[in-house]
Amino acid sequence: LTHIDYTKEMAIVAETPSDKGLIAVARIAAENEKETEFAVIIADKWHGKGLGSILTDFMIKVAVEMNFKKMYGYVFTHNIPMLEILKQRNFSLSNYDSTTTYAELIIEKSKA
């Protein structure tokens, strides 16, 4: 996470003094000049507190600013809260396999 090529990648972390470390990480990493993979990881203790929404919104804005046309990622199918966050932001969702959902957002400048 500390060695980022800012033309192809971006990451943001969340931490709190009380937890003495990272509580969440969001990241995009370019597949090519038009597509970027997206991931959010949040410590169990911090689920349901709005971090998924905040980090997803931030990464969408970064992807727009970096001129990506598509943002995609893989989510555990049982992670209903994250799938709802992605649905609310117009990601299309499809089954990847029995435990994984593929999420894809076609980025328009109006998303900024």
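In the predicted model, Asn67 counts as partly exposed, at 40% relative accessibility. Asn67 is located in the loop that links H1 to S4. Although Asn67 is not a glycine, its phi is positive, at about 65°. Most residues other than glycine have a negative phi. A positive value also occurs at Asn90, again a residue other than glycine, with phi near 70°. Asn90 belongs to the loop between H2 and S5. With a relative accessibility of 55%, Asn90 counts as exposed, because the threshold for that class is over 50%. A further positive phi, near 50°, is taken by Lys20 in the hairpin of S1 and S2, where four residues stand between the strands.

The strands are arranged in an open sheet of six, ordered S1-S2-S3-S4-S6-S5, with mixed pairing. At the edges are strand S1 (9-16) and strand S5 (92-95), each of which pairs on one side only. On average, neighbouring strands of this sheet are turned by 20° against each other, direction ignored. Strands of a sheet pair through backbone hydrogen bonds, in either a parallel or an antiparallel manner.

S1 and strand S2 (residues 21-30) run antiparallel and are joined by eight bridges. Within this pairing, Glu9 has Ala29 of S2 as its bridge partner, and Ala11 stands opposite Arg27 in S2. H1 touches S1, S2, S3, S4 and S6, and its direction makes about 30° with that of S2. H2 is in contact with S3, S4, S5 and S6, and its direction makes about 160° with that of S4.

Asn95 has Thr101 in S6 as its bridge partner. The two strands, S5 and S6, form a hairpin with four residues between them. Thr99 is found in the loop between S5 and S6 and counts as partly exposed, with a relative accessibility of 43%. Apart from residues up to four places away in sequence, Thr99 touches Val75, Phe76 and Thr77. The C-alpha atoms of Thr99 and Tyr74 are 10.0 Å apart in space, for a sequence separation of 25 residues.

Thr16 lies in strand S1. Thr16 counts as buried, because its relative accessibility is 17% and the limit for that class is under 20%. Residues up to four places away in sequence being left out, the contacts of Thr16 are with Gly21, Ile23 and Trp46. Glu35 is part of strand S3 and is partly exposed, with a relative accessible area of 24%. Its neighbours within four places in sequence aside, Glu35 is in contact with Ala30, Phe68, Lys70 and Tyr72. Glu35 and Pro81, which are 46 residues apart in sequence, have C-alpha atoms separated by 24 Å in space. In a regular strand, the side chains alternate between the two faces of the sheet.

The volume of the largest pocket is about 580 Å³. This pocket is lined by 25 residues, of which Val40, Ile42, Val75, Asn79 and Met82 are the closest to its centre. At least two residues of the lining are supplied by each of strand S3 (35-42), helix H1 (51-65), strand S4 (70-76), helix H2 (80-88) and strand S6 (100-106). S3 provides the largest share of the lining, with five residues. Classified by residue type, the lining of the largest pocket comprises 15 nonpolar, nine polar and one charged residues.

How values were computed. Residues are numbered from 1 along each chain as its sequence is written. This is a predicted model: local features need pLDDT of at least 70, side-chain atom pairs count only at pLDDT 80 or more; totals for chains, interfaces and linings use all residues. Side-chain values use heavy atoms; hydrogens and water are left out. On a 1 Å grid over the protein atoms alone, a cavity is a set of points where a 1.4 Å probe fits but cannot get out, and a pocket is an open set with protein on both sides within 12 Å along at least five of seven lines; lining residues have an atom within 4 Å of a point. Grid points are joined across faces, edges and corners, and a volume is the space filled by probe spheres set on the points. Ala, Val, Leu, Ile, Met, Phe, Trp, Tyr, Cys and Pro count as nonpolar, Asp, Glu, Lys and Arg as charged, and the others, Gly among them, as polar. Two strands pair if DSSP finds at least two bridges between them. Axes are lines fitted to C-alpha atoms, for helices over the stretch in contact, and angles run from 0 to 180 degrees between N-to-C directions. Contact means heavy atoms within 4.5 Å. Buried means under 20% relative accessible area, exposed over 50%, partly exposed in between (1.4 Å probe, protein chains only).
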